Structures are given as C-alpha cells and as structure tokens.
Amino acid sequence: MEMPFRFINGPSSLPCLFLSDPGGSSAQVLLSSGQVVSWKNEQGEELPFKSSKVSISYVAYVVCGLAIKGPDFRNKSPDELKAIVPYIQVMARSLPLDKHKLVTNLRSMHKEVVAVTGDGTNDAPALHEADIGLATGIARTEVAKENVDVIILDDNFSTIVNVAKWGRTVYINIQKFVQFHLTVNIVALMINFISAWISGSAPLTAVQLLWVNLIMDTLGALALATEPPHDGLMNRSPVGRGVSFIIRAMWRNIAGQSVYQMVLLFMFNFAGKQILGLNGSDATIILNTFIFNTFVGDTKV
C-alpha cells in the first residue's frame, strides 16, 4: 500500500513532508492546523488548492521542520543560525542559554513576536527575553513566576488558545472603534472648517459635536468593543511586529465613508434650501438641524 506522504529535502536540506493526496484526511488535518504553505506539483510549480478530489500528481508543501541538539545549536555561526532558526521545531539537550539565544535570534534577526512557556528556574532567561512569557500556576517556581507575563492557573495549555482568541478579539474591536472614531471626527472637522471658511458659519454647533462625541464614546464604544470572539479568528495570520495599527483596509474604509458623508453634507449645506424648498427666517435653523440629523444618521450607518 502506497503511503500518503513522503519526506524530501527542502530549503537548506531541511526535511519537508509531501502529501500525495491533498484531498485526503491527512491533508485536511494539516490545513486545519495552518501548516500547509502552498500546493505544488512534482516540479515544484505552484498550483491552486482544490478541496475536491484531485490528481495524484498534486502534492502539499508543508512547513519544513528541524530537530537539533543544544551543542550543535551552540556551535552554529550567526549566518547558519539565521538560516535554520525559523525551521527549528525541537531542540534537545539544551541549556538555559540555548533557549535564550533561540528567543533572541527570533526577535532580533527575524522580527518575530515570541511566546515562551516554562515553569522551571532554567526557563527564566528565555521567559524574560520573550515578548510573552507563560508559566503554569501549580508547578511553577518562584523564579519563573517573576519572569512571566501570564500565569496559567489551571495548568491547562489549551487555555492559551482562549487567551489568544480573546486577545485577537480585543485588538480587532479596538481597530473597529478607532476606525469609527476617526471617520466621525474627520467628517465633523471638515464640514465645519470648510463651511466656516466659505460661508462664514458652521452648521454643527459645539453642543451638537459634544453630544455626538458623548454618544460615540459611550454607546458606540460599548457596541464595538464588546463583540465576542469566534473560531474564525484563529485562522487569521498573527499581526507582525512592524505592522501598523491602522491598516490599509481601515484607511480605505475611513476615506470612503468620509468622502460619502462629506459629499452629502456639503450638498445640503450649500444647496439644501433649494433642494428641500426652505423659505422664511427660520430656514437656516431648519437646514442646520437637518444637516445635524443627517450627520448623526450617517455616523450610525
């Protein structure tokens, strides 16, 4: 019987696992674990992944892994370490300084965000150097406790998954609120500044702007910042160390929504009386009230 996988040499002669049936159960397990990088044929050419039955010539290219001993790791040159550190999955017979060196290389050379778990005194240097240090609550030593950021009280490492899920949820919720906050403030600033510059009067009063900010900072914040996590968050790629908090998609959404609101509000501000058929001494007050209601309605949308 033909095995559904085989090993070959990958980058830097590292062992890589190739599956002969990407549509099989083994491939689906690897996909769900996020370890499949891309699908390639026997010649190494990139191929689109097909979830249905595929030809036997399709193979899955999996993240290459490397097991190394501590003495071998210590004898590597800086250039060799830079090449192999991203692929190390097991390091046996290692000293505390080996763990510390591995974490330091991941953070400095590869700009990775590193989390380390440990509960012993020998784990303290790596726990202290890592971006996030995690220790168990029952079996930990006092030295490890002093060098960690998170203590797992129930000694169940599956708790880390929930921590990561909630952390990503909070991060995304804050992004949503910042996007909402910037959009409202940009529109309010532009409509008042340009209207005052052209016509000498601003359609939105200080009290109205304070009211909008009060609602936005309370009800808006509660609505956007309290969304619960979902399982799909764990399929997202981690946020890199150098990634901007306001990503390109956020700027696109802010710009698109701001332009839409400003076009609508400027249209009513400069031609609202003709569009709405307003006449009389109270026409300006009615128009400004209409502009404010439109602004609040667009903000909610």
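Q: How many bridges join E8 to E9?
A: This is a predicted model in which local features need pLDDT of at least 70, side-chain atom pairs count only at pLDDT 80 or more, and totals for chains, interfaces and linings use all residues. Residues are numbered from 1 along each chain as its sequence is written, and side-chain values use heavy atoms, without hydrogens and water. Strands (E, at least two residues) and helices (H or I, at least four) are DSSP runs numbered from the N terminus, and two strands pair if DSSP finds at least two bridges between them. E8 and E9 run parallel, and the bridges that join them number 3.

Q: Which residue of E9 is the bridge partner of Val-116?
A: The chain crosses from E8 to E9 through helix H5 (residues 124-129) in a right-handed β-α-β crossover (clockwise from the first strand over the helix to the second, with the strands pointing away from the viewer). In E9, Val-116 has as its bridge partner Gly-133.

Q: Which residue of E10 is the bridge partner of Thr-136?
A: E9 also pairs in the parallel sense with strand E10 (residues 150-152), over 3 bridges. In E10, the partner of Thr-136 is Ile-152.

Q: How many of the 5 residues of E9 are buried?
A: Buried means under 20% relative accessible area (1.4 Å probe, protein chains only). Strand E9 spans residues 132-136 and is mostly covered. Its buried residues number 4.

Conventions. Buried means under 20% relative accessible area, exposed over 50%, partly exposed in between (1.4 Å probe, protein chains only).
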